[in-house]
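Here is a short briefing on a protein model. Please look over the sequence and structure first, then read the points below.

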Amino acid sequence: MSIRILAFICMFSMLGDALPVCAQQTVLEVITLNYRTADQVIPVLQPLIAPRGTITGLNNQLVLRTTPENLAQLKQVLATLDATPRQLVVSVRQDSDLDRSRSGAQVSGQLGAGDHASVSVPGRPTPPGASVSVDGVNAKVYSGDARQTDRVAQQVRVLEGSRAFIRTGQSVPVRNRQVIDTPNGRRVVETTGFSEAGSGFYVLPRLAGDRVTLQIFTANDSIRSPATGATNIQQVQTVVSARLGEWVEIGGIGQQGTLEESQLLGRSTSARSNQRGVMLKVDEVK
């Protein structure tokens with residue numbers, strides 16, 4: 001084998017050892033984001049990083065260390081992610097309808113049984129209704145309906161991909177009494193606490209064309225008894241998808257109950273129905 005062939009083989013061997021080194025060459029680049037933060041784009045870019053590449057960032061600065069080819073690909077994706085965010089208005093409507101009805105019949109009065117005996121049937125207070133009286137005996141039939149409606153509507157403006165929170169409510173002072181045993185006997189201690197109830201929602205919207213996906217939590221609580229601080233609770237937490245501009249029902253609760261009471265020469269029936277619902281709509285601000 002000639003010296004020239006040996007030299008060629010040695011040179012080719014050295015070049016072969018250098019090729020993997022060249023293929024693994026990386027570059028470092030710092031990119032300033034215009035509309036997004038590093039926390040928003042890193043989860044999307046992380047799966048696209050080449051092996052042994054890294055991605056970090058803080059606020060609107062992104063730090064990339066990867067191969068030149070991979071860096072060019074990441075910049076193409078970033079150009080789409082770091083676009084002007086669309087402004088949205090999220091509307092939430094929380095409704096509550098309470099229906100009550102009551103009906104019944106009752107007989108009351110006094111019946112004589114000769115000169116020395118009589119029977120008396122006292123009447124109970126009843127709602128206004130039709131009544132008939134014959135020889136000291138009263139017959140009454142009554143019926144009534146009542147409806148209570150509560151509507152809470154709230155709106156908040158938010159950029160797509162960002163979080164928003166809105167809440168209004170009330171705080172009611174509640175007195176608490178506690179009996180404490182002491183060496184000198186029992187002692188009553190009174191303190192004042194606060195019971196809070198509010199209505200509002202937390203939302204995180206993400207857009208894909210004319211459809212929006214939302215992570216949302218809503219609450220519509222109310223104080224039932226200011227004296228004790230008892231509170232009615234209504235909360236919904238979910239993820240939904242809807243078209244821009246359309247109302248979507250994201251939750252509802254329905255409760256119904258009937259109570260029947262019987263007594264001497266009387267009967268009454270009361271019914272209660274409570275319907276609660278939560279609707280939302282997302283509009284784009286143009």
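In helix 3, the buried residues are Asn70, Leu71, Leu74 and Leu78. Viewed down the axis of helix 3, these buried residues fall within an arc of 95 degrees, so they line one face of the helix. The model is predicted.

**Helix 3: spacing and faces**

- An α-helix has 3.6 residues a turn, so residues three or four places apart point the same way.
- Glu69, Gln76, Ala79 and Thr80 are exposed, on the other side of helix 3.
- Buried here means under 20% relative accessible area, and exposed means over 50%.

**Helix 3: length and cover**

- Helix 3 spans residues 68-81, which is 14 residues.
- From first C-alpha to last, helix 3 reaches 20 Å, close to the 20 Å expected at 1.5 Å a residue.
- The buried residues of helix 3 are covered by elements including strand 1 (27-32), helix 2 (38-45) and strand 3 (61-66).

- Four strands form an open sheet in the order 8-9-10-13, and their pairing is antiparallel.
- Strand 8 (164-182) and strand 13 (235-243) are at the edges, each with a single partner strand, so one side of each has no neighbour in the sheet.
- From one strand to the next, the twist averages 20 degrees.

**Strands 8 and 9**

- Strand 8 pairs with strand 9 (residues 185-208) in the antiparallel sense, over 19 bridges.
- Val188 in strand 9 has Val179 standing opposite.

How values were computed
Residues numbered from 1 in each chain as written. Predicted model: local features only at pLDDT ≥ 70, side-chain atom pairs only at ≥ 80, totals over all residues. Heavy atoms only, no water. Helix = DSSP H or I, 4+ residues; strand = E, 2+ residues; numbered from the N terminus. Expected span 1.5 Å × (residues − 1). Buried < 20%, exposed > 50% of the residue type's maximum accessible area, 1.4 Å probe, protein only. Arc of directions from axis to C-beta. Contact = heavy atoms within 4.5 Å. Pairing = 2+ DSSP bridges. Axes fitted to C-alpha atoms, helices over the stretch in contact; angles between N-to-C directions.
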